[in-house]
Amino acid sequence: MSRETSKARARRAAEGYYHTVFVGKGVDIGCGNDPVTPDCIRFDREQGDAQELKGITTSSLDWVYSSHTLEHLEDPQAALRRWWDCLKVGGKMLIAVPDED
């Protein structure tokens, strides 16, 4: 396990993400045992298909976070549409994907 979220935790804290993005009810998609916050909804393979997010209702979240998951999905565009639908008006989405370089 690469623990990508833990690797970036100090930088994200310094940049203020924990006070601006990760506020309220949110989901960490693909977190495994490395969630971005201790109280977020953890959504990984055990919970189902990340493109569908079954069990999470439309307009129910303040934030959506995913680190190094989107690039593994069969239809990333469908996933992004679904993830966006889960956000409340004014909600925030933060997605980390690998850089080709």
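A pocket here is an open set of grid points with protein on both sides within 12 Å along at least five of seven lines. In this predicted model, the largest pocket has a volume of about 540 Å³. Below is a friendly tour of that pocket, of the strands and of the salt bridges.

**The largest pocket**

- The lining counts 23 residues, and those closest to the pocket centre are Gly30, Cys31, Asp44, His68 and Thr69.
- Two elements give two or more residues to this lining: helix H1, spanning 4–14, and strand S1, spanning 26–29.
- By residue class, the lining holds 9 polar, 8 charged and 6 nonpolar residues.

**Strand S3 and its partners**

- Strand S3 covers residues 61–67 and strand S4 covers residues 87–96.
- On one side of the pairing list, S1 and S3 run parallel and are joined by 4 bridges; Gly26, for example, has Trp63 in S3 as its bridge partner.
- S3 also runs parallel to S4, with 6 bridges between them, and Ser66 is partnered by Ile95 in S4.
- S3 and S4 belong, together with helix H3 (residues 76–86), to a right-handed β-α-β unit.
- How many residues of S3 are buried? The count is 6 of the 7, so S3 is largely enclosed by the rest of the structure.

**Salt bridges**

- The structure holds 3 salt bridges.
- Asp62 and Lys88 form one of them, with their closest N and O atoms 3.4 Å apart. This pair links distant parts of the chain, since Asp62 sits in S3 and Lys88 in S4, 26 residues apart.
- Asp62 has a relative accessibility of 24% and counts as partly exposed, because buried means under 20%. Lys88, at 35%, also counts as partly exposed.
- Arg11 and Glu15 meet through their side chains in a salt bridge at 3.6 Å, N to O. Arg11 is partly exposed at 44% relative accessible area, and Glu15 is partly exposed at 45%.
- Glu52 and Lys54 make a salt bridge as well, at 3.6 Å from N to O. Is Lys54 buried or exposed? Lys54 is exposed, with a relative accessible area of 61%, because exposed means over 50%.

Methods:
Residues numbered from 1 in each chain as written. Predicted model: local features only at pLDDT ≥ 70, side-chain atom pairs only at ≥ 80, totals over all residues. Heavy atoms only, no water. 1 Å grid on protein atoms, 1.4 Å probe; cavity = no way out; pocket = protein on both sides within 12 Å on 5 of 7 lines; lining within 4 Å. Points joined across faces, edges and corners; volume = space filled by probe spheres on them. Nonpolar A, V, L, I, M, F, W, Y, C, P; charged D, E, K, R; others polar. Salt bridge = Lys/Arg side-chain N within 4 Å of Asp/Glu carboxyl O. Buried < 20%, exposed > 50% of the residue type's maximum accessible area, 1.4 Å probe, protein only. Pairing = 2+ DSSP bridges. Right-handed = clockwise from strand over helix to strand, strands pointing away.
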